[in-house]
Number of protein chains: 2
Amino acid sequence: MDHPDCPDQRHQNCRVMNEVLTRVGDRWSVQIVYALSRGTMRFNELKRELGISQRMLSESLRDLERDGLIARRHFATIPPRVEYELTDLGRTFQEPVMALAKWALDHQTCIEANRRSFAEAETGHGAEALAGEQASPNRA
Amino acid sequence: MDHPDCPDQRHQNCRVMNEVLTRVGDRWSVQIVYALSRGTMRFNELKRELGISQRMLSESLRDLERDGLIARRHFATIPPRVEYELTDLGRTFQEPVMALAKWALDHQTCIEANRRSFAEAETGHGAEALAGEQASPNRA
DNA sequence: TATACCGGTATGAAATTGACACCAGGTTGC
DNA sequence: GCAACCTGGTGTCAATTTCATACCGGTATA
């Protein structure tokens, strides 16, 4: 991940993107922000909705808080209550995340179809140019 | 995709997002699409620019091809030449990816500042509450 | 001869992740 | 009384993912 000096601006962008996306661009962070975009949520509420392990959730939440995308509010009641919500910065991230989510939902079936035809082309017959040609774009 | 009244639908959305983002939403796929958005690229060209390991690159490229986001063209020359480019579907993905990239570049310094003040609040101690409050969001 | 290029694959080590148990400390069920 | 639960975590260990590295074929270059 470290590179020899590459004056190329493109490469710089890639490096920065890599750093930032490594922290806030993984699938759990994206989904946490997506879930919190509807409002405050509690720990186990998020856990149930995302189907994430406890460990990854608490870790991801801590990282997101550290980066200033979400705020954590702790109520010392019994049983304890901890609420998470987006900060202003988090809400700016919400925009590209929603775009990503929309794309994912919109193209899910298309992608699944592509995977199936790719698998068929592999198992079925030999080198029929099917894979490249038929995994063709966007027949949503 | 907006069904606030139906938690099951929300959960369903999360599940679908998880599935799709697990495949095409990881940091390498995002960066590959970002890199290819400027045009065709060769294998080692991508490798150099992204700083990705060979194994991950070939794997990511294969997955992206399988899902129909990129096309692979192989020239049986010596030395071999393999070119990758976005398909039409890939170009639709390019949109949210560019939004993500733009956000990452725009808010990089903000995030780094937040992390620093969070670390300070931890070590220097004092007002933990400040960490959340002072990680002041988005003066973009 | 030795070296490098190019696009991979194979291998073992390191890092990440998930499943699960554990904690406090009060509430509910029996 | 007492076990079992609830909450928001942490710790442990195994499985998965990722990385660094070595290697390959076939040619050009030094």
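Biologist: Which element gives the most to the surface near DNA strand C?
Modeller: Helix H4 of chain B gives the most, with four residues. Helices (H or I, at least four residues) and strands (E, at least two) are DSSP runs, numbered from the N terminus. This is a predicted model, in which local features need pLDDT of at least 70 and side-chain atom pairs count only at pLDDT 80 or more, while totals for chains, interfaces and linings use all residues. Residues are numbered from 1 along each chain as its sequence is written, chains are lettered from A and ligands numbered from 1 in the order in which they are written, and side-chain values use heavy atoms, with hydrogens and water left out.

Biologist: How many residues surround DNA strand C, and which are the closest?
Modeller: There are 21 residues around DNA strand C, and the closest are A:Arg55, A:Met56, B:Gln54, B:Arg72 and B:Tyr84. A residue is near a molecule or strand if one of its heavy atoms lies within 4 Å of it. Of the atoms of DNA strand C that come within 4 Å of the protein, sugar and phosphate account for 67%.

Biologist: What is the make-up of that surface by class?
Modeller: The surface near DNA strand C has eight nonpolar, five polar and eight charged residues. Here Ala, Val, Leu, Ile, Met, Phe, Trp, Tyr, Cys and Pro count as nonpolar, Asp, Glu, Lys and Arg as charged, and the others, Gly among them, as polar.

Biologist: Where does A:Arg27 meet DNA strand C?
Modeller: A polar side-chain atom of A:Arg27 lies 3.5 Å from a phosphate oxygen of DNA strand C.

Biologist: What does A:Gln54 contact on DNA strand D?
Modeller: An N or O atom in the side chain of A:Gln54 is 2.8 Å from a base nitrogen of DNA strand D. A:Tyr84 instead places a polar side-chain atom 2.5 Å from a phosphate oxygen. A:Val82 uses a polar backbone atom, which is 3.5 Å from a phosphate oxygen of DNA strand D.

Biologist: Turning to the sheet in chain B, what is the strand order?
Modeller: The order is E1-E3-E2, an open sheet of three strands with antiparallel pairing. Two strands pair if DSSP finds at least two bridges between them. Strand E1 (41–42) and strand E2 (70–75) of chain B stand at the edges with a single partner strand each, so one side of each is left without a neighbour in the sheet.

Biologist: Which residue stands opposite B:Arg42?
Modeller: B:Glu83, in E3 of chain B, stands opposite B:Arg42. Two bridges join E1 of chain B to strand E3 (residues 81–86).

Biologist: How many bridges link E2 and E3 in chain A?
Modeller: Strand E2 (residues 70–75) of chain A pairs with E3 in the antiparallel sense over six bridges. One of the pairs is A:Ile70 with A:Leu86. A hairpin of five residues joins E2 to E3 in chain A.

Biologist: Where is A:Pro79 found?
Modeller: A:Pro79 is in the loop between E2 and E3 of chain A. The peptide bond from A:Ile78 to A:Pro79 is cis, with omega near -5°. In chain B, a cis peptide bond likewise joins B:Ile78 and B:Pro79, with omega about -5°.

Biologist: What rotation superposes chain A on chain B?
Modeller: A rotation of 180° with 0.0 Å of shift along its axis does so, with RMSD 0.1 Å. The two copies are thus related as by a two-fold rotation axis. Copies are superposed by least squares on the C-alpha atoms of residues with pLDDT of at least 70 in both.

Biologist: How much area do chain A and chain B bury between them?
Modeller: They bury about 5,800 Å², 68% of it on carbon and sulfur atoms. Buried area is the accessible area (1.4 Å probe) that two parts lose on being put together, summed over both.

How values were computed: Polar contact = N/O pair within 3.5 Å; in protein donor to acceptor, adjacent residues only side chain to side chain.
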